[in-house]
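Please look through the sequence and the model below before reading on.

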Amino acid sequence: MTDTDPDTDTDTGPDSDSDADPGPHSNPHSDRTDNAPATNAGESHLGRTVSGERPLSRMRQTIADHLQESSQNAVHVTVSREIDAEPLLQATESAAATLDADISVFDLVLRAVSATLGEHPAVNATFEDETHVLYEEHNIGIAVDIEAGLVTPVLRHLDSKSLAELATERRRLTERVQEGEYSMRDLRGGTFTVSNLGVFGVDSFTPISNPSEIAILGVDRIHERAQRGSDGVVFRNRLPVDPSFDHRLVDGADAARFLETFAEHVENSDRFAPAG
């Protein structure tokens, strides 16, 4: 997988701690504040010594608040499946050789996500003020890990973009975010999110959706697995995925059908690649 790589999704902006008012109780020469607890005094009898304390940055606090909001409000349920990744890898290789763009496996995954949302419009949605809001556009957030924390810039209108346009825009957006050249608008307006921990070698995880969005797809590491073939045991690449849904709006059977559709699109990824 490529360059989108955090484990959960939040809607945060650039870290602006350097411009923030430090407040009346702050000490400019210390990471501690005057009203912070004297932790060391109560730790010695436990056999541990505090080496330092780190108050949350504004960005880290925003991430924490958003994750807590999503965890408290949404009823998350995660389903998992392994998908045959051989067609996905072949389609990526074909597209990279044919198109005048840097195509990755993740770009084909995003194309499969958009195609799946087209068949399951109730998942391309948010839930706010007791209202299930469906959207025409596929605005997909891609989780990106940066030094200051986690952000999810939004790729807009994926349903109307070619594979080359998708790949080019994704790379440009990711680079801008990694360089700190993004605005709050880049992080808002998502209708679905994809979090890719496969780049870190992760085989399974439980992603948490962005607040108000009702679903998120966790993408894991592609790996080889032995399976029985007509001529004996063969090894094929498999893609594990872990989508989480808000169970208030998506029943287990609906989640399974969504995942079945997604697997079908991944296993027929050649339809997204131009003919060579």
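In this predicted model, the count of aromatic pairs comes to 2. One of them is formed by Phe245 and Phe258, whose rings are edge-to-face, with 5.5 Å from centre to centre and 80 degrees between the planes. A pair of aromatic rings is described by the distance of the centres and the angle of the planes.

**Aromatic rings**
- The pair links distant parts of the chain, since Phe245 belongs to strand S12 (residues 232–246) and Phe258 to helix H5 (residues 252–266), and the two are 13 residues apart.

- Strand S1 (residues 76–78) runs antiparallel to S12 and is joined to it by 3 bridges, with Thr78 having Ser244 as its bridge partner in S12.
- Strand S2 (residues 81–84) is also antiparallel to S12, with 4 bridges between them, and here the bridge partner of Arg81 in S12 is Val241.
- Strand S10 (residues 215–219) is joined to S12 in antiparallel fashion by 5 bridges, and Ile216 stands opposite Ser244 in S12.
- Strand S11 (residues 223–229) and S12 run antiparallel with 7 bridges between them, a hairpin joins S11 to S12 through 2 residues, and Arg225 has Arg236 as its bridge partner in S12.

**The nonpolar core**
- The largest nonpolar core has 51 residues, and those with the most contacts inside it are Val109, Leu110, Val113, Phe192, Val194 and Phe262.
- Helix H3 (residues 105–119) supplies the largest share of this core, namely 8 residues.
- Leaving out residues up to four places away in sequence, Leu110 touches Ile140, Ile142, Leu155, Leu158, Leu166, Arg170 and Val194.
- In soluble globular proteins, nonpolar side chains tend to be buried together.

**A loop residue, Gly189**
- Gly189 lies in the loop between helix H4 (163–178) and strand S9 (192–196), and it counts as partly exposed because its relative accessible area is 45%, which falls between the limits of 20% and 50%.
- Although Gly189 and Asn139 are 50 residues apart in sequence, their C-alpha atoms are 6.9 Å apart in space.
- Apart from neighbours within four places in sequence, Gly189 is in contact with Asn139, Val154 and Arg156.

**Confidence of the prediction**
- The chain has a mean pLDDT of 84, and 83% of its residues reach 70 or more.
- Over residues 1–36, however, the pLDDT is below 50, and this stretch has 106 contacts in the model beyond near neighbours in sequence.

Technical notes: Residues are numbered from 1 along each chain as its sequence is written. Side-chain values use heavy atoms; hydrogens and water are left out. pLDDT is the predictor's confidence in each residue, from 0 to 100. Contact means heavy atoms within 4.5 Å. A nonpolar core is a set of buried Ala, Val, Leu, Ile, Met, Phe, Trp, Tyr and Cys residues joined through side-chain atoms within 4.5 Å. Buried means under 20% relative accessible area, exposed over 50%, partly exposed in between (1.4 Å probe, protein chains only). Rings of Phe, Tyr and Trp (its six-membered ring) pair if their centres lie within 6.5 Å; planes under 30 degrees apart count as stacked, over 60 as edge-to-face and the rest as tilted. Two strands pair if DSSP finds at least two bridges between them.
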